Amino acid sequence: MRRTSLVLYIVLSACAARPRVAVRAGEVLAHGAELGREGTASLATIIVKGEDTRPSDRVNVTLDQPVMFHGASTTLLLVLQGCAPFAGSTPCALVDKSDIVYLRAFRFRDGKPDPDPVKAKPMDSSRELKIISGTLSLTSFAGMGLCIAYCESNRAAKSVALGGSGLLFGLIWALIGSNVHD
C-alpha cells in the first residue's frame with residue numbers, strides 16, 4: 001500500500017510541474033526606467049519547470065501585467081513600488097536580482113508564450129429570469145400603491161389588475177428561486 005501511494009505521489013508531482021513564463025528581478029529592474037517612462041518594456045523571459053530554468057523569448061509586458069511574486073498574485077506595478085523610478089515610502093521588493101517574477105497572463109504552446117484566454121461564464125438564464133420577474137413584481141406592487149393613491153377613475157379595477165400582475169410575477173419569482181428538483 002505504501003509503495004502504491006509513493007508511486008502515485010511521484011507521478012502526480014511530476015505531472016504538476018508545468019512550464020511557466022517568468023522574468024528575473026534583475027531584468028525587471030534593468031528596464032525600470034523604460035517601464036516608468038512608457039508603461040511597457042520588452043523583457044527577456046525564462047521558462048521555469050520545477051527546478052529547471054531555461055532562457056526563452058522576449059515578451060512585452062506592461063505595468064498592469066498580472067504576476068506572481070513570492071507566492072502572492074499582484075501586478076508588476078505593485079512589485080515595482082519602491083524601486084527606481086517608482087520610489088516611495090515602501091522599500092523595493094526586488095532586492096535579490098535572482099528572484100523570479102512569474103508572468104500570469106501567459107501560457108505555453110510549443111514552448112512559446114501566448115495570452116491566457118478569457119474564460120466566459122455560462123449564462124445562468126434562471127437567475128436572470130428570477131431578477132426580471134422579481135423586478136416586475138415589485139414594480140407592479142408599486143404601481144398598485146400609486147394607483148390607489150393617485151388614480152381618479154376606476155381606482156379599484158386598476159389596483160386589482162396591478163396587484164394581480166404583481167402576484168403572478170411574484171409566483172414566477174418564487175418558483176424559479178426555489179431549489180425543488182424532480
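Histidine 31 sits in the loop between α2 and α3 (32–38). In this predicted model, the residue comes out as buried, because its relative accessible area is 17%, and the cut-off for buried is under 20%. Setting aside neighbours within four places in sequence, histidine 31 is in contact with Ala41, Ser42, Leu43 and Arg58.

Arg58 turns up again when it comes to charge pairing. The structure holds two salt bridges, and one of them joins the side chains of glutamate 27 and arginine 58, at 3.7 Å from N to O. Glutamate 27 belongs to helix α2 (residues 25–30) and arginine 58 to strand β3 (residues 52–62), so this pair ties together parts that lie 31 residues apart in sequence. Arginine 58 has 47% relative accessibility and so counts as partly exposed. That makes arginine 58 a partner of glutamate 27 in a salt bridge as well as a contact of histidine 31.

The other salt bridge is between glutamate 38 and arginine 37, whose side chains meet at 3.9 Å, N to O. Here arginine 37 is exposed, its relative accessible area being 61%.

What about the rings? A search through the whole structure turns up zero aromatic pairs.

The largest nonpolar core has 20 residues, and the members touching the most other members are Val28, Leu35, Val61, Leu76, Leu80 and Leu94. Two or more residues each come from β1 (20–24), α2, β2 (40–49), β3, β4 (66–69), α4 (76–80) and β6 (100–103). Of these, α4 gives the most, with three residues. In soluble globular proteins, nonpolar side chains tend to be buried together. As for leucine 94, its contacts beyond four places in sequence are Ala25, Val28, Leu29, Phe69, Val79, Leu80, Cys83 and Val101. Among them, Val28 and Leu80 are also on the list of core members that touch the most others.

Finally, there is phenylalanine 169, found in helix α6 (residues 155–177). With 24% relative accessibility, phenylalanine 169 counts as partly exposed. Leaving out neighbours within four places in sequence, phenylalanine 169 is in contact with Ser133, Leu136, Ser137 and Ser140.

Note on methods. Residues numbered from 1 in each chain as written. Predicted model: local features only at pLDDT ≥ 70, side-chain atom pairs only at ≥ 80, totals over all residues. Heavy atoms only, no water. Salt bridge = Lys/Arg side-chain N within 4 Å of Asp/Glu carboxyl O. Helix = DSSP H or I, 4+ residues; strand = E, 2+ residues; numbered from the N terminus. Buried < 20%, exposed > 50% of the residue type's maximum accessible area, 1.4 Å probe, protein only. Contact = heavy atoms within 4.5 Å. Phe/Tyr/Trp six-rings, centres within 6.5 Å; stacked < 30°, edge-to-face > 60°. Core = buried A, V, L, I, M, F, W, Y, C linked by side-chain atoms within 4.5 Å.
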